[in-house]
Amino acid sequence: MKSAFDLSPAQKENAQHGEKMFPLKRYITKLSDLYPAVTAHWHEEAELTLITEGTCTYHIHLENYEAQTGDLLFIPPAELHSISIEPGTEMTSTTYVFHMDYLNADSADICAVKYLNPISRHTLMLPYIIKKDHPVYPKLLEVFHETEQSYTEMHPGYEMMLKALLLCFVALLLPYRQTENIRPQLEDEHTAKLKLVLEYIGEHYTEELTIPQLSRLCFFSEYHFMRFFKKYIGVSCLEYIKNLRLEKAASRLAQGGQSVLDVSMSCGFSNLSYFYREFKKKYGMTPKQFIRETPSLPFLPEQENVTGGGSP
């Protein structure tokens, strides 16, 4: 079961965003040198994001997109994506994660059949990033601010208003859609292989993982697999596994109740001195200092008495 305090989202998220009858949740993501990335993942919901401060790089479906303060992003369901920042920089964003069924994508009306379902299936592609010079940007930003207001104030009927605003956002983007799916088949095959490997790592990070073992999942040679992984994820596979283990360890340390040794062992580190060294290299402090500092958890959905924010 996924902990409510995980610092990073699972590679294939099983967490429910919002409630079953109201599948929408706002997240505030804060990246800094302490927490410099949201690891590659995907989920069944779509995302609508405003970069409120700083700069970052979004990695969406094998491509990089530079984002800065004021940029809007729309990520459709089941799209592989991650976020990173450069050392010494920071980024803050507000994201609404929502299931397309909330917009009635599961109905049989013309909106669902002609637009919403194709968006979910990636046969109708909307722009991932909308910058200030985009023709529809002013209207989209206005819709986003109205969404913020409605979500925050929660006046009677706000659930219906949020649905209307999200539909409006999608409708405003539709004239700028790709008229056909121009993705090469090889890209989709590569994305599927990456998802398979990342999901496997996410399920087995506490165990010993080897390059030969993971390369067999893709039917690649070890050499091809290592080049393939680093090309699309940005770091080597072993570096990715180590970072994931460290993030999981940081999450458990932040929760308290476990010794450093128990946490290190439960997160796949068999050598305590190695764990200490790598943890300090990543977070700038030892595990015990980390516990004392009780840092804000940057990947939590907004909730009472929690500083920091959540990552989609």
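## Close-up views of a predicted model

View 1. Strand β7 (residues 91–98) is mostly covered, with 8 of its 8 residues buried. Buried means under 20% relative accessible area, exposed means over 50%, and partly exposed lies in between (1.4 Å probe, protein chains only). Strands (E, at least two residues) and helices (H or I, at least four) are DSSP runs, numbered from the N terminus. This is a predicted model: local features need pLDDT of at least 70, side-chain atom pairs count only at pLDDT 80 or more, and totals for chains, interfaces and linings use all residues. Residues are numbered from 1 along each chain as its sequence is written, and side-chain values use heavy atoms, with hydrogens and water left out.

M91, S93, T95 and V97 point one way from β7, while T92, T94, Y96 and F98 point the other way. Strand β1 (residues 24–31) pairs with β7 in the antiparallel sense over 8 bridges. Two strands pair if DSSP finds at least two bridges between them. Y27 has T95 as its bridge partner in β7. β3 also pairs with β7, antiparallel, over 8 bridges. There, L50 is partnered by T94 of β7.

**View 2. Strand β5 and its two partners.** L72 and F74 point one way from strand β5 (residues 72–75), L73 and I75 the other way, and all are buried. Strand β3 (residues 46–60) runs antiparallel to β5, joined by 4 bridges. T49 has L73 of β5 as its bridge partner. Strand β8 (residues 129–130) pairs with β5 in the antiparallel sense over 2 bridges. L73 stands opposite I129 of β8.

**View 3. The salt bridge of D71 and K131.** D71 and K131 form a salt bridge, and their closest N and O atoms are 2.6 Å apart. The pair links distant parts of the chain, 60 residues apart: D71 is in the loop between β4 and β5, and K131 is in the loop between β8 and α2 (137–153). A salt bridge is a side-chain nitrogen of Lys or Arg within 4 Å of a carboxyl oxygen of Asp or Glu. By this rule the count is 6 salt bridges. K131 counts as partly exposed because its value is 28%.

View 4. E278 and K242 meet through their side chains in a salt bridge of 2.8 Å, N to O. E278 is in helix α9 and K242 in helix α7, so the pair links distant parts of the chain, 36 residues apart. Both E278 and K242 are buried. E247 and K282 form another salt bridge, at 3.7 Å from N to O. This pair also links distant parts of the chain: E247 in helix α7 and K282 in helix α9, 35 residues apart. E247 and K282 are both buried. Salt bridges that share partners join E239, K242, E278 and K281 into one network.

**View 5. The largest pocket.** The largest pocket holds about 770 Å³ of space. Of its 35 lining residues, the closest to the centre are A37, S84, I233, G234 and V235. A pocket is an open set of points on a 1 Å grid over the protein atoms alone, where a 1.4 Å probe fits, with protein on both sides within 12 Å along at least five of seven lines; lining residues have an atom within 4 Å of a point. Grid points are joined across faces, edges and corners, and the volume is the space filled by probe spheres set on them. Elements that each supply at least two lining residues include β2 (37–41), β6 (81–84) and α6 (222–233). Helix α7 gives the most, with 6 residues.

**View 6. Two loop residues with positive phi.** Most residues other than glycine have a negative phi. M154 is not a glycine, yet its phi is positive, about 55°. M154 lies in the loop between α2 and α3 (158–173). M154 is partly exposed because its relative accessible area is 46%. F219, also not a glycine, has a positive phi of about 60°. F219 lies in the loop between α5 (211–218) and α6. F219 counts as exposed because its relative accessibility is 75%.
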